[in-house]
Amino acid sequence: MPLDHVALRFSRNSEADEAASVYGGVRYRSKRHAQWAVFFDALVCRTGECVSAAIGFMSAEQAADVLSAVQRGEASIYSGVADMQREMSKKEPFLMSAERQQWMLDHLSEMPTSANVSPVLVGAEQVTKPVEYIACTQTIMVPMHARAKELGWNVHEFEGDHAVMVGDPERTVELLESLI
């Protein structure tokens with residue numbers, strides 16, 4: 001499928017030492033640019049901002065200290081997010097069947113610490129194409145929804161949690177198809 005028809009997700013680039021947007025990375029590396037994008041309950045980081053600060057987990061200064069410690073080998077390269085998700089699901093299960101949740105939790109991969117504390121190289125404010133932003137109703141990403149609105153993106157409220165693509169893929173596909 002050509003890039004001008006694909007729904008691109010803004011997220012952390014866990015393949016590199018620096019957090020960046022997948023959208024920005026694809027946009028700058030492709031010969032043809034996307035005509036529009038769909039951000040699904042996604043981070044809306046500004047250029048130079050790190051994920052942890054954007055979400056409110058720590059200050060930019062604390063994130064810089066953690067990144068420095070990772071680079072010196074004094075802090076774990078893994079963030080522990082997958083284990084945190086597994087523990088949180090025991091108290092508040094995801095909105096899906098127990099079997100589907102277990103499958104998802106069994107397949108979570110660890111997020112590099114640097115993806116959470118490195119400054120984003122291509123921020124949301126640099127996206128110049130039309131954006132459809134899917135805002136799930138029960139998610140830690142709620143502060144990001146306001147940022148999407150501030151950027152003038154089309155924000156669509158979607159009942160569900162951050163894992164709705166796994167929990168209710170049929171409804172997710174219906175929504176995405178309605179945007180095409």
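This is a predicted model: local features need pLDDT of at least 70, side-chain atom pairs count only at pLDDT 80 or more; totals for chains, interfaces and linings use all residues.
The buried residues of helix α3 are A63, L67, A69 and V70. Viewed down the axis of α3, these buried residues fall within an arc of 160°, so they line one face of the helix. As for its dimensions, α3 runs over residues 60–71, twelve in number. From first C-alpha to last it reaches 16 Å, close to the 16 Å expected at 1.5 Å a residue. Just after this helix, G73 takes a positive phi of about 80°.

Let me turn to the charged side chains. How many salt bridges does the structure hold? There are six, and I shall discuss several of them.

I begin with R147 and E49, whose side chains meet in a salt bridge at 2.6 Å, N to O. R147 lies in helix α7, residues 142–150, while E49 lies in the loop between β1 (37–40) and α2 (51–55), so the pair ties together parts that are 98 residues apart in sequence. Are these two partners buried or exposed? R147 has a relative accessible area of 12% and is buried; E49, with 15%, is buried as well.

This pair also belongs to a network of salt bridges that links R46, E49 and R147. R46 is found in the loop between β1 and α2 and, at 39% relative accessibility, counts as partly exposed. The C-alpha atoms of R46 and R147 are separated by 9.5 Å, although the two residues are 101 apart along the chain. Leaving aside neighbours within four places in sequence, R46 is in contact with several residues, among them V120, G123, E125 and E150.

Two further salt bridges deserve mention. E74 pairs with R72, with the closest N and O atoms 2.8 Å apart. Here E74 counts as exposed, at 57% relative accessibility, and R72 as partly exposed, at 48%. In the other, the side chains of D83 and R86 meet at 3.1 Å, N to O. Both residues lie in helix α4, residues 81–91, three residues apart, about one turn of the helix. An α-helix has 3.6 residues a turn, so residues three or four places apart point the same way. D83 is partly exposed at 47% relative accessibility, as is R86 at 24%.

I now come to the aromatic residues, where the count is three pairs. The ring centres of F39 and W153 are 4.7 Å apart and the planes stand at 75°, so this pair is edge-to-face. It links distant parts of the chain, with F39 in strand β1 and W153 in the loop between α7 and β3 (154–161), 114 residues apart. F39 is buried, at 0% relative accessible area, and W153 is buried at 9%.

The rings of F40 and F158 have centres 6.0 Å apart and planes at 85°, so this pair too is edge-to-face. F40 lies in strand β1 and F158 in strand β3, so the pair ties together parts that are 118 residues apart in sequence. Both F40 and F158 are buried.

Which residues form one aromatic cluster? They are F39, Y133 and W153. Finally, I draw your attention to R171, which lies over the face of F158, at 4.3 Å from the ring centre.

Note on methods:
Residues are numbered from 1 along each chain as its sequence is written. Side-chain values use heavy atoms; hydrogens and water are left out. Helices (H or I, at least four residues) and strands (E, at least two) are DSSP runs, numbered from the N terminus. The expected span of a helix is 1.5 Å times one less than its number of residues. Buried means under 20% relative accessible area, exposed over 50%, partly exposed in between (1.4 Å probe, protein chains only). The arc is that of the directions from the helix axis to the C-beta atoms. A salt bridge is a side-chain nitrogen of Lys or Arg within 4 Å of a carboxyl oxygen of Asp or Glu. Contact means heavy atoms within 4.5 Å. Rings of Phe, Tyr and Trp (its six-membered ring) pair if their centres lie within 6.5 Å; planes under 30 degrees apart count as stacked, over 60 as edge-to-face and the rest as tilted. A charge sits over a ring if NZ of Lys or CZ of Arg is within 6 Å of the ring centre and within 35 degrees of the ring normal.
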